[in-house]
Amino acid sequence: MTETSPQAAQPHRVLIVDDEPALLDALKLALERGECEVTASRSFEDARQKLLAEPFDVLITDVRLGAFNGIQLAVVARDRNATMKIVVFSGFDDPVLRSEAANLGATYLVKPITAEQLLEELAPLGVPIV
């Protein structure tokens with residue numbers, strides 16, 4: 001009989017944020033296939049409220065989110081959970097944003113991003129690449 005730890009049975013809780021509905025839905029679906037519990041948000045403020053109200057293991061966010069940006073959201077996430085995995089993505093390879101993300105311990109990806117890229121980023125957490 002093989003025992004699994006209670007931690008192994010818990011899916012990773014992921015908050016994914018993008019104001020582009022088609023991309024948000026596609027990434028959400030892919031992460032759910034990767035056995036993650038996914039919460040999707042289309043705005044900075046909605047995502048910020050969710051980060052303050054619920055525990056998450058992972059934040060995946062677009063940089064451009066209206067008047068605010070994903071780096072600001074990453075700061076909120078890091079303040080809430082110092083070990084949270086953070087992935088920031090943008091349509092531009094901006095060295096300043098890349099540096100800001102790195103200073104927060106976040107991964108910076110340039111669009112177009114694929115579900116496989118995200119799953120590879122989460123693989124060290126035990127998320128299967130499907």
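**Close-up views of the predicted model**

**View 1. Phe68 is partly exposed, with a relative accessible area of 40%.** Keep in mind as you look that this is a predicted model. Phe44, in contrast, is buried, at a relative accessible area of 7%. How many aromatic pairs are there? The count comes to one. Phe44 and Phe68 form this aromatic pair, and their rings are stacked, with 4.4 Å from centre to centre and 15° between the planes. Since Phe44 belongs to helix H3 and Phe68 to strand S5 (residues 68-69), the pair ties together parts that are 24 residues apart in sequence.

**View 2. The largest nonpolar core has 22 residues.** Which of them touch the most other members? They are Leu51, Leu59, Leu73 and Ile86. At least two core residues come from each of these elements: strand S1 (13-17), helix H3 (44-53), helix H4 (70-80), strand S6 (85-90) and helix H5 (95-103). Helix H4 gives the largest share of this core, five residues.

**View 3. Here we zoom in on Leu51 and the residues it touches.** Leaving aside residues up to four places away in sequence, Leu51 touches Leu15, Phe56, Leu59, Leu73, Val76, Ala77, Arg80 and Met84.

View 4. As a general idea to take along, nonpolar side chains tend to be buried together in soluble globular proteins.

**View 5. The charged end of Arg13 sits over the ring of Phe56.** How far is this charged end from the centre of the ring? The distance is 4.7 Å. You have already met Phe56 as one of the residues that Leu51 touches.

Definitions and conventions
Residues are numbered from 1 along each chain as its sequence is written. This is a predicted model: local features need pLDDT of at least 70, side-chain atom pairs count only at pLDDT 80 or more; totals for chains, interfaces and linings use all residues. Side-chain values use heavy atoms; hydrogens and water are left out. A nonpolar core is a set of buried Ala, Val, Leu, Ile, Met, Phe, Trp, Tyr and Cys residues joined through side-chain atoms within 4.5 Å. Buried means under 20% relative accessible area, exposed over 50%, partly exposed in between (1.4 Å probe, protein chains only). Helices (H or I, at least four residues) and strands (E, at least two) are DSSP runs, numbered from the N terminus. Contact means heavy atoms within 4.5 Å. Rings of Phe, Tyr and Trp (its six-membered ring) pair if their centres lie within 6.5 Å; planes under 30 degrees apart count as stacked, over 60 as edge-to-face and the rest as tilted. A charge sits over a ring if NZ of Lys or CZ of Arg is within 6 Å of the ring centre and within 35 degrees of the ring normal.
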